[in-house]
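Reader: I have not seen this structure before, and I would like to go through it with you step by step. Could you show it to me before I ask about its parts?

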Amino acid sequence: MLRNQQWVLRVGFCGFGAVGKYERQVLALPKYSFKGGVHPLHDQHEGKTSTTKLPIRAYVPDSVDIPMSMSIGAPATPIVQVGDHVKMGQKIGEANGFVSLPVHASVSGEVTAIGTKVLLLGGPTTIVTIKNDFQDEWTELSPLGPVEEADPTKIVPAVQAAGICGMGGATFPAHVKLTVGEGKYCDTIILNGAECETHVTCDHRLMIEEPQRIVDGLRAVMRALDVKRGVIAVEDNKPDAIDSMKRAAAGREGVEVVTLRTKYPQGSEKQLISAVTGREVPSKKLPLDAHVIVLNVGTAKAIADAVIEGKPLIDRVTTVKGCVKDHANLRLRMGTIVADVIGECGGYTEEAGKIVMGGCMTGLCAPNDQVVVSKGSNGILVFNEEDAKGYEENPCIRCGRCVEACPIGLNPYRMKHFCDAGDLKGAEANDLMECILCGSCSYICPAKRWLTASFKSTKEAIMREARRAKK
Ligand code: SF4
Ligand code: SF4
């Protein structure tokens with residue numbers, strides 16, 4: 001039985017049983033890397049070997065439950081009715097404001113229900129259920145053409161209309177990221193191909209199978225913002241992806257591929273910028289304050305699809321592994337129910353104790369297998385009862401390993417003291433709001449202190465207080 005974990009354990013914890021079997025290690029600073037961090041599974045493969053070589057294959061379900069909220073920002077409002085026939089790519093949800101994304105039908109067929117469902121975060125989410133007629137009939141699309149010929153002024157609006165957000169898990173609307181405010185400038189676009197999160201291999205496969213589209217997406221953004229330097233950054237545990245991206249980048253203006261040392265959380269924006277450019281993003285500031293924009297390689301591919309073919313974001317690649325018969329990298333339509341995905345993978349091999357959407361370090365625990373694939377779903381990991389077991393935290397022994405591991409240079413054990421005491425001001429004064437919730441400190445802690453979970457809940461409490469004070 002799945003535990004009824006309605007709420008999220010942001011980690012180092014959700015897969016901690018599985019990760020914790022391995023020796024832990026803090027790594028030193030090499031070229032194209034950053035200070036601190038950890039190496040979660042101690043080898044170069046980070047639990048990825050069972051899916052690294054598996055080609056992407058498509059699975060299309062009988063029906064989809066498409067959430068009106070799949071990204072950071074305001075949810076969309078449904079603009080279809082029960083009984084409507086919709087085509088693939090047809091807009092079914094209208095965005096509500098600038099930090100909000102439209103939602104599109106991921107299959108063609110009939111709208112059979114509009115209701116709510118509890119997914120990963122927050123309360124119930126509005127969903128539109130579409131019964132698939134398997135005709136795969138596309139709505140009329142408005143492509144801009146080849147990226148080197150597309151009107152640069154139309155590229156960001158096309159990204160917005162396509163409903164594209166960060167596909168590495170962060171789900172920040174891409175057009176917002178690509179809007180450079182007054183007095184700011186961007187001189188470098190970095191494509192994040194690090195995929196430092198454990199277990200997931202969707203980006204790795206994408207770089208091997210669709211490298212040209214990824215470079216096209218990068219070039220589209222470079223042209224839209226008139227940026228001369230585009231960097232595709234890949235960890236050194238993916239030599240085949242590095243080769244593939246180098247071949248695709250050859251001869252493309254301003255595009256280069258760099259190799260990063262494999263280390264977690266190398267794919268985190270600030271760490272990536274530091275590794276690639278040597279620049280530090282100032283405290284409480286954004287990558288653009290260091291004149292850089294970071295996009296995931298999957299996001300770049302989606303941008304290329306939107307520009308070249310006019311296609312909105314209706315599917316994505318997701319890695320499925322753990323206690324399922326066949327591990328896989330699947331191309332899944334938005335709104336595919338996880339239970340259907342598990343069925344496509346041959347079903348559970350043993351009693352599932354926990355389903356994590358994402359990887360071990362930053363994934364979110366699903367309340368059950370009725371949750372759906374959305375724009376940020378890079379992984380579905382199924383743990384058995386044993387690996388899903390929780391653990392007791394022990395007193396801090398002041399070993400300092402969490403301090404060494406923190407990529408931001410924070411003092412996790414001291415922050416935890418203030419969090420445990422409910423001292424929001426003290427926690428803030430000790431830079432809690434700088435914490436990126438990467439889970440490195442929790443992972444490395446020999447006393448198994450619940451550091452990241454505590455930081456997450458205290459950060460939320462501080463933000464709630466701030467909102468209340470504003471009213
Ligand atoms: S919180 Fe954990 S890692 Fe940090 S000093 Fe205490 S025992 Fe060591
Ligand atoms: S304190 Fe925050 S940023 Fe530092 S290691 Fe822990 S979770 Fe990561």
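Author: What follows is a set of questions and answers about the sheets, the helices and the surroundings of the ligands.

Reader: What kind of model is this, and at what pLDDT do side-chain atom pairs count?

Author: Residues are numbered from 1 along each chain as its sequence is written, while chains are lettered from A and ligands numbered from 1 in the order in which they are written. This is a predicted model, in which local features need pLDDT of at least 70 and totals for chains, interfaces and linings use all residues, whereas side-chain atom pairs count only at pLDDT 80 or more.

Reader: In what order do the strands of the parallel open sheet of four strands lie?

Author: Helices (H or I, at least four residues) and strands (E, at least two) are DSSP runs, numbered from the N terminus, and two strands pair if DSSP finds at least two bridges between them. Strand 9 and strand 12, for example, run parallel and are joined by five bridges, with Thr 188 standing opposite Val 292 in strand 12. The open sheet of four parallel strands has the order 11-10-9-12.

Reader: Which strands stand at the edges of that sheet, and why is one side of each left without a neighbour?

Author: Each edge strand has a single partner strand, so one side of each is left without a neighbour in the sheet; these are strand 11 and strand 12.

From one strand to the next, the twist averages 25 degrees, where axes are lines fitted to C-alpha atoms (for helices over the stretch in contact) and angles run from 0 to 180 degrees between N-to-C directions. The strands at the edges, to name them again, are strand 11 and strand 12.

Reader: Which residues of helix 8 are buried?

Author: A residue is buried if 20 or more other C-beta atoms lie within 10 Å of its own, exposed if 12 or fewer, and partly exposed in between, with C-beta atoms placed from the backbone. By this rule helix 8 (residues 269-277) is mostly covered, since seven of its nine residues are buried, and what covers them includes strand 9 (188-193), strand 10 (229-235), strand 11 (255-260) and strand 12 (292-296). The buried residues are Glu 269, Lys 270, Gln 271, Leu 272, Ile 273, Ala 275 and Val 276.

Reader: At roughly what angle do the axes of helix 5 and helix 9 cross?

Author: The axes of helix 5 and helix 9 (residues 297-309) come within 9 Å and cross at roughly 45 degrees. The crossing angle asked for is roughly 45 degrees.

Reader: Which residue is the bridge partner of Val 64 in strand 8?

Author: Strand 2 (residues 63-67) has four of its five residues buried, and it pairs with strand 8 (residues 124-132) in the antiparallel sense over five bridges. Strand 8 is also joined by nine bridges to strand 7 (residues 109-118), again running antiparallel, and there the bridge partner of Val 111 is Ile 130. For Val 64, the bridge partner in strand 8 is Ile 130.

Reader: Is Asp 136 buried or exposed?

Author: Asp 136 is found in the loop between strand 8 and helix 3 (155-161), where it touches Met 88 and Ser 108, not counting residues up to four places away in sequence. With 12 other C-beta atoms within 10 Å, Asp 136 is exposed.

Reader: Which residues come nearest to ligand 1?

Author: A residue is near a molecule or strand if its C-beta atom, placed from the backbone, lies within 6 Å of it. Helix 12 (401-405) and helix 13 (412-420) each supply at least two residues of the shell around ligand 1. Of the 14 residues around this ligand, those that come nearest are Cys 396, Cys 399, Cys 402, Tyr 413 and Cys 445.

Reader: Which helix gives the largest share of the shell around ligand 2?

Author: Ligand 2 is surrounded by 15 residues, the closest being Cys 406, Cys 435, Cys 438, Ser 440 and Cys 441. Helix 15 (440-444) and helix 16 (451-470) each supply at least two residues of this shell. The largest share, three residues, comes from helix 16.

Technical notes: Two residues are in contact if their C-beta atoms, placed from the backbone, lie within 7 Å.
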